[in-house]
Number of protein chains: 6
Amino acid sequence: MNPVIVRKIARADTQVIAKLGEAGVATIHEAMNRSGLMRPYMRPLYPGAKVAGSAVTILSHPGDNLMIHAAIDVCQPGDVLVVALASDSTDGMFGELLAVSCQARGITGLVIDAGVRDSEVIAQMNFPVWSKAISAQGTVKATPGSVNIPVVCAGALVRPGDIIVGDGDGVVVVPREEAEAVASRAEQRMQREDAVRERLRKGELGMDIYGFRQKLEQMGVRYVGE
Amino acid sequence: MNPVIVRKIARADTQVIAKLGEAGVATIHEAMNRSGLMRPYMRPLYPGAKVAGSAVTILSHPGDNLMIHAAIDVCQPGDVLVVALASDSTDGMFGELLAVSCQARGITGLVIDAGVRDSEVIAQMNFPVWSKAISAQGTVKATPGSVNIPVVCAGALVRPGDIIVGDGDGVVVVPREEAEAVASRAEQRMQREDAVRERLRKGELGMDIYGFRQKLEQMGVRYVGE
Amino acid sequence: MNPVIVRKIARADTQVIAKLGEAGVATIHEAMNRSGLMRPYMRPLYPGAKVAGSAVTILSHPGDNLMIHAAIDVCQPGDVLVVALASDSTDGMFGELLAVSCQARGITGLVIDAGVRDSEVIAQMNFPVWSKAISAQGTVKATPGSVNIPVVCAGALVRPGDIIVGDGDGVVVVPREEAEAVASRAEQRMQREDAVRERLRKGELGMDIYGFRQKLEQMGVRYVGE
Amino acid sequence: MNPVIVRKIARADTQVIAKLGEAGVATIHEAMNRSGLMRPYMRPLYPGAKVAGSAVTILSHPGDNLMIHAAIDVCQPGDVLVVALASDSTDGMFGELLAVSCQARGITGLVIDAGVRDSEVIAQMNFPVWSKAISAQGTVKATPGSVNIPVVCAGALVRPGDIIVGDGDGVVVVPREEAEAVASRAEQRMQREDAVRERLRKGELGMDIYGFRQKLEQMGVRYVGE
Amino acid sequence: MNPVIVRKIARADTQVIAKLGEAGVATIHEAMNRSGLMRPYMRPLYPGAKVAGSAVTILSHPGDNLMIHAAIDVCQPGDVLVVALASDSTDGMFGELLAVSCQARGITGLVIDAGVRDSEVIAQMNFPVWSKAISAQGTVKATPGSVNIPVVCAGALVRPGDIIVGDGDGVVVVPREEAEAVASRAEQRMQREDAVRERLRKGELGMDIYGFRQKLEQMGVRYVGE
Amino acid sequence: MNPVIVRKIARADTQVIAKLGEAGVATIHEAMNRSGLMRPYMRPLYPGAKVAGSAVTILSHPGDNLMIHAAIDVCQPGDVLVVALASDSTDGMFGELLAVSCQARGITGLVIDAGVRDSEVIAQMNFPVWSKAISAQGTVKATPGSVNIPVVCAGALVRPGDIIVGDGDGVVVVPREEAEAVASRAEQRMQREDAVRERLRKGELGMDIYGFRQKLEQMGVRYVGE
């Protein structure tokens with residue numbers, strides 16, 4: 001429980017990570033039996049923001065961004081910073097300079113259970129961010145924290161090296177050991193959905209495709225009128 | 001109070017509905033003596049989303065979208081789905097496949113007191129949605145509910161066949177029997193506003209146009225420091 | 001404590017105001033030793049909204065916009081309306097007609113601890129607004145209030161004539177007497193940041209530039225692994 | 001939609017109302033097939049507050065309590081005031097003097113989707129109140145509203161004469177026409193629960209009493225460990 | 001704007017402070033023309049908590065209670081600590097040990113726009129506290145702040161030496177220079193209310209006492225039904 | 001990720017659990033280097049509620065309490081139920097009958113990231129509960145979930161067998177493997193606090209006891225006035 005920075009973490013295969021990124025948040029969450037999703041208050045900073053990468057986790061005191069600097073130091077290209085806080089805060093712990101540093105180091109995104117500032121510049125830089133708030137509230141560099149320990153971010157458990165996927169629907173966390181299995185289930189799911197989409201487009205109903213008419217009848221839902 | 005699906009509902013005249021759509025949410029709400037508005041947490045999924053149509057109402061258990069499927073089955077072209085929940089939820093009860101099905105059936109929009117997922121695809125499809133949240137949180141199809149009963153959605157009473165108008169300002173509900181009268185009052189209001197707008201543009205003040213100077217004086221508001 | 005409208009207020013130098021506008025919210029807030037920021041729920045109505053001007057303050061009863069009319073009457077070109085409420089409200093106290101009147105009078109923006117309506121038209125007019133909500137909820141003109149008294153808006157103290165700066169990061173308030181000093185400190189800060197940005201872009205780390213390695217060591221943060 | 005005060009309303013039988021009061025909120029809500037409940041932010045002002053009575057409904061502008069005065073005028077002994085607002089507010093629209101007036105007139109409680117003040121005195125008077133907030137924020141008497149029209153209060157539809165039941169679990173609304181049937185179903189439910197309670201007290205499990213073991217098996221829930 | 005501790009502040013007359021305490025929050029707020037009230041999320045830690053005293057103000061970084069220690073050092077018996085934060089936080093910045101220290105020094109209460117811990121012991125000590133939250137979340141002593149500067153606490157401006165009155169209805173702030181006038185207006189108000197209370201108790205209506213029947217008629221509120 | 005019920009879990013030593021219960025939430029949280037605390041919205045159902053026991057964890061769909069029944073089946077005397085949800089809900093998933101069943105089985109408390117109903121009876125039974133809400137909203141038994149898997153409850157990670165301590169300050173989670181070390185550090189902390197409390201009671205200041213005067217000076221906090 002003492003503050004610690006873990007330098008080396010295991011990461012998933014980059015091809016698996018890429019596949020998860022293509023599947024997107026909603027599909028992966030379903031493929032994980034509807035688990036792993038962060039709370040919906042985590043929103044992308046700008047439309048079209050997308051990311052898939054390995055989590056480097058940060059546990060910080062509210063209003064203090066010292067540990068983000070420490071985390072960038074141990075990142076590898078393709079990593080995504082995941083910032084969790086000891087208690088609720090919306091302070092702007094991340095701004096343009098940190099985004100410049102991240103991009104210089106190949107870090108591909110940020111997921112932060114707090115606020116970000118310099119929001120317009122970061123959007124122009126096309127550095128994808130999911131956050132709880134946009135806030136210029138400045139922070140200090142005065143309290144210790146940890147890097148690469150398991151954290152709870154926006155209601156989801158994130159362990160270092162887990163895969164983070166973010167898009168317009170939010171952020172989902174895939175445990176590293178399950179990454180390959182989830183990617184493959186997601187792919188199958190997309191194929192099944194392609195078939196259903198075609199039938200729906202032609203005017204067939206979910207009621208008939210999925211057999212919900214009987215289900216409703218068994219549940220005692222009554223039709224009225226006509 | 002047992003779950004029921006009402007197949008047939010009365011709808012307002014399509015020309016009246018179109019007129020209400022042109023007037024927009026703020027004007028209609030004023031023309032209804034400032035009533036009928038849903039709470040402001042109901043936001044459009046994308047800029048420019050607009051809808052005016054007849055409400056097909058749905059009452060669902062949180063985290064369960066079975067009844068949305070049942071509702072699409074009884075809709076007509078021009079209808080708008082209005083989803084109310086037994087208790088607060090932000091789960092993503094509506095996604096791309098349901099949007100495809102809606103468009104195939106001529107349903108023109110969705111108003112949901114919960115979340116939606118596949119938000120980027122639905123925006124690209126230009127299927128207008130007003131929701132409480134964007135969330136990939138998956139749902140089940142396990143509990144009964146009702147279609148086309150009066151519901152409370154985002155603080156507003158919606159009866160099947162009422163007219164739903166949505167735009168960038170939110171969502172307003174017009175009782176079906178009052179639709180024509182409201183449309184006509186809205187039109188008059190817009191004409192009055194055209195005249196006032198012109199005067200304001202030329203630099204006249206609301207203080208003078210509306211006679212607020214005397215009102216303030218009567219209320220005892222004092223001017224200081226000439 | 002009785003309602004009062006103060007006609008004449010002192011304003012800062014327009015060149016100083018312009019400099020503050022160029023510095024932007026995050027930089028000014030830091031240059032003020034991290035003070036003056038409104039709470040982050042104050043969001044711009046549309047992307048790219050920016051303003052810097054002298055505050056004309058308004059204290060209103062919730063759901064009543066009479067005093068906004070009264071305030072426009074005492075404004076000068078370059079002023080920014082700052083609307084504070086006696087208690088929390090999201091009602092749409094400001095709409096298109098008021099925006100037209102503001103632009104006709106040279107008022108350059110609105111900061112309102114409540115809601116706005118006609119959001120799409122106001123965005124098209126490019127009249128910058130920061131608000132707590134978008135809501136069509138109509139208001140009355142029935143209760144007295146004050147203009148140009150000190151108010152608390154979104155958690156920040158605003159006195160008439162203070163400088164309001166708004167951008168994508170929110171809204172910051174600069175006390176009039178400190179405007180020049182803050183503008184100059186902000187300028188210095190931007191120059192310092194230019195230098196740091198360049199070093200970060202080349203791959204240097206904040207850890208090394210700011211000397212955080214020793215700080216972490218002194219704090220007892222331990223490195224693990226490798 | 002114009003403001004109106006309805007003097008005469010139909011009320012349910014007092015014995016039925018008394019029975020509903022004995023059943024309590026949770027049981028009635030279940031007996032109504034889990035409907036009619038107000039949102040859980042409606043909390044009693046003091047522990048032990050209980051009420052069952054006929055709703056006299058009020059629709060008010062936020063921050064204005066004029067219509068509460070108007071409603072007391074048309075109440076009968078045994079009535080419960082139900083205050084709904086055009087938009088969200090926590091202002092203290094009801095205080096000691098109104099409570100004194102209510103008790104003098106035989107009004108037995110208050111349900112208000114806003115705030116109350118003089119909270120300690122009202123508790124000492126044992127006048128039961130359910131509200132969204134406790135707030136001393138004073139209100140005006142400047143805007144018209146309605147009495148005894150259908151309103152939405154804390155997410156529930158309330159029509160004049162509906163039965164309001166409040167206790168430590170919140171507030172539930174029973175449509176007047178269904179009052180007798182609901183009271184009778186509630187009674188049966190309580191008897192069934194008496195039997196189950198006894199079995200549970202002796203150590204039997206809900207799993208066995210309700211047959212959930214098979215249900216879990218059918219759903220594919222797997223037991224692990226031994 | 002640099003951190004500063006002001007040792008000496010002016011305080012109001014103790015007899016005036018005592019009178020304000022007797023009047024209570026709701027009456028004082030009305031006597032100040034409905035101003036000075038903190039937001040209603042500020043709640044007493046235990047039923048019956050009451051305080052009236054001179055504000056010693058504190059501006060702290062979230063999650064850091066160093067400045068509370070500094071403030072106790074400059075307090076006098078009869079003072080009330082008022083803690084404001086640079087940004088929103090619910091951390092438990094104040095606990096039993098600080099309460100013991102306050103009581104030893106004659107400090108009579110705490111108003112904190114954050115959390116408190118050791119809530120049960122503090123209640124047993126009968127040390128009155130109004131806070132935003134109860135939270136055990138521990139804090140650090142790492143960042144500077146200020147004592148006895150004007151602060152915004154829970155939406156209200158508090159200057160050092162202003163009078164703080166707290167009871168079951170919340171917290172109100174009386175500017176020091178107006179203390180005597182407010183106390184006297186509050187006294188008159190209580191006398192007027194005594195008379196009205198008596199009439200209401202006998203069954204007279206506010207409608208008649210205040211002349212609201214004509215007001216409603218002038219506003220166009222129509223009576224229906226007999 | 002498929003639903004599973006784990007029958008057997010490891011539990012901590014009962015004497016260690018008892019010691020943690022005596023230390024209380026705030027002390028344990030500090031002894032864990034300020035970690036393990038649930039978010040402060042988790043509040044006890046009644047004043048004086050206290051618990052310390054081994055966590056039996058439950059992951060449920062919102063609005064469904066089937067898995068609570070399943071969990072009671074695998075509990076041992078001294079266990080505490082910890083209910084986590086797949087998404088936010090305030091539904092009353094736990095009521096009197098479940099509380100009776102828990103007490104019959106020796107379960108000593110409930111921590112639920114949702115609502116409870118029958119709040120008054122449960123308080124009279126003295127069955128300690130920490131919840132997010134009180135709500136009569138009824139639930140279904142229609143969807144599978146898991147028992148005794150790691151869950152995130154109110155922002156804290158809870159693994160089956162971890163020690164749950166709850167009191168008036170909230171709920172803290174102690175990892176099972178650290179229980180003994182934490183109990184011992186908590187004891188030492190209480191002894192240290194006894195000594196400090198005595199000094200504070202006699203009028204010494206935290207400023208002097210902890211040496212904060214120098215700290216403030218080093219930080220550049222300036223004293224003003226005299």
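Student: How many residues of the lining of the largest cavity are nonpolar, polar and charged?
Tutor: Rolling a probe the size of a water molecule over the atoms shows where empty space is left. On a 1 Å grid over the protein atoms alone, a cavity is a set of points where a 1.4 Å probe fits but cannot get out, a pocket is an open set with protein on both sides within 12 Å along at least five of seven lines, and lining residues have an atom within 4 Å of a point. In the largest cavity, the lining divides into four nonpolar, four polar and three charged residues, where Ala, Val, Leu, Ile, Met, Phe, Trp, Tyr, Cys and Pro count as nonpolar, Asp, Glu, Lys and Arg as charged, and the others, Gly among them, as polar. Among the lining residues are Asp91(A), Arg39(C) and Asp88(E). This is a predicted model, in which local features need pLDDT of at least 70 and side-chain atom pairs count only at pLDDT 80 or more, while totals for chains, interfaces and linings use all residues. Residues are numbered from 1 along each chain as its sequence is written, chains are lettered from A and ligands numbered from 1 in the order in which they are written, and side-chain values use heavy atoms, with hydrogens and water left out.

Student: What volume does the largest cavity have?
Tutor: Its volume is about 70 Å³, a volume being the space filled by probe spheres set on the grid points, which are joined across faces, edges and corners. The search of the whole structure finds ten cavities of 30 Å³ or more.

Student: Which residues lie nearest the centre of the second largest pocket?
Tutor: This pocket, of about 1,400 Å³, is lined by 50 residues, and those nearest its centre are Leu59(B), Ile149(B), Asn33(D), Arg34(D) and Ser35(D). By class, the lining has 26 nonpolar, 14 polar and ten charged residues.

Student: What rotation superposes chain B on chain C?
Tutor: Copies are superposed by least squares on the C-alpha atoms of residues with pLDDT of at least 70 in both. For chain B on chain C, the rotation is 120° with 0.0 Å of shift along its axis (RMSD 0.0 Å), which is the relation of a three-fold axis. Pro47(B) comes closest to that axis of the residues of chain B, at 6.6 Å (C-alpha).

Student: And what area is buried between chain B and chain C?
Tutor: Buried area is the accessible area (1.4 Å probe) that two parts lose on being put together, summed over both. Between chain B and chain C it is about 3,100 Å², of which carbon and sulfur atoms give 60%. In chain B, Asp169(B), Leu205(B) and Tyr223(B) lose the most area to chain C, together 17% of what that side buries. The contact (heavy atoms within 4.5 Å) takes 37 residues from chain B and 35 residues from chain C. By contrast, no contact joins chain B and chain E, whose closest C-alpha atoms lie 13 Å apart.

Student: Is His61(B) buried or exposed?
Tutor: Buried means under 20% relative accessible area, exposed over 50%, and partly exposed in between (1.4 Å probe, protein chains only). His61(B) has 10% relative accessibility and therefore counts as buried. Leaving aside neighbours within four places in sequence, His61(B) is in contact with residues including Leu85(B), Met93(B), Pro62(F) and Val140(F).
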